[in-house]
Amino acid sequence: MSSLHSPPCRASATLTPRLPRCRGADRPTVSKCAKHDDDEACAICLCEIAEDEEVIALPCRHSYHARCVGDWLQRSPTCPSCSLDVAKALDIELAPTAAE
């Protein structure tokens, strides 16, 4: 029986602690991203990022609610906006999952 969901990649526990955290008011801006220019909302949950909320910025400078990107990285080691491989960008080798 096949599953519609990808197996967890276990990237969150390895990657999330190494990513910079800040408040919404201090998050980096994305000047090089031609794909997405809406920097007011979290592209994962689509909710606006408030100035006092904790966010995590990926190496590509896209930022998301800390809880949203943590959940995302449990499923995929890539940026949800531009598909940058976060593990490769941080020069981190992820352990293979049981499915690999």
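Predicted model: local features only at pLDDT ≥ 70, side-chain atom pairs only at ≥ 80, totals over all residues.
## Overall fold

Of the 100 residues in the protein chain, 34% are buried.

Among contacts in the protein chain with a separation of 6 or more, 58% are between residues 24 or more positions apart.

## The sheet

The three strands form an open sheet in the order β1-β2-β3, and the pairing is antiparallel. Its edge strands are β1 and β3, each of which pairs on one side only. Ignoring direction, neighbouring strands of this sheet are turned by 40 degrees against each other on average.

Now for the individual pairings. Strands β1 and β2 run antiparallel and are joined by three bridges; β2 and β3, also antiparallel, are joined by three bridges. Ile-56 is a handy residue to look at here: Arg-21 stands opposite Ile-56 in β2, and the bridge partner of Ile-56 in β3 is Tyr-64.

Helix α2, residues 66-75, lies across β1, β2 and β3 and runs at about 100 degrees to β3.

Arg-67 is exposed, having a relative accessible area of 52%. In general, side chains of opposite charge can pair when their charged atoms come close.

## Cysteines without disulfides

How many disulfides does the structure hold? The number is zero. For Cys-45, the closest cysteine sulfur is that of Cys-68 at 3.8 Å, which is too far for a bond. Cys-79 is likewise in no disulfide, and the nearest cysteine sulfur, in Cys-60, is 3.6 Å away. The cut-off that matters for this reasoning is 2.5 Å between the cysteine sulfur atoms.

The surroundings are worth a look too. Cys-45 is partly exposed at 30% relative accessibility, whereas Cys-79 is buried, with a relative accessible area of 1%.

## Positive phi in two loops

Most residues other than glycine have a negative phi. With that in mind, Leu-46 is one to check: its phi is near 70 degrees, a positive value in a residue other than glycine. Leu-46 lies in the loop between β1 (21-23) and β2 (54-57), and at 69% relative accessibility it counts as exposed.

Arg-61 is another such case, with a positive phi of about 80 degrees although it is not a glycine. Where does Arg-61 lie? Arg-61 is found in the loop between β2 and β3 (63-65). The hairpin of β2 and β3 has five residues between the strands, and Arg-61 takes its positive phi there. At 42% relative accessibility, Arg-61 counts as partly exposed.

## Pro-59 and its contacts

Pro-59 also sits in the loop between β2 and β3, and it is partly exposed, at 36% relative accessibility. Which residues does Pro-59 contact, leaving aside its neighbours within four places in sequence? They are Leu-19, Leu-84, Val-86, Ala-89 and Leu-90.

Pro-59 and Ala-87 are 28 residues apart along the chain, and their C-alpha atoms are separated by 9.6 Å.

Key:
Residues numbered from 1 in each chain as written. Heavy atoms only, no water. Buried < 20%, exposed > 50% of the residue type's maximum accessible area, 1.4 Å probe, protein only. Helix = DSSP H or I, 4+ residues; strand = E, 2+ residues; numbered from the N terminus. Contact = heavy atoms within 4.5 Å. Pairing = 2+ DSSP bridges. Axes fitted to C-alpha atoms, helices over the stretch in contact; angles between N-to-C directions.
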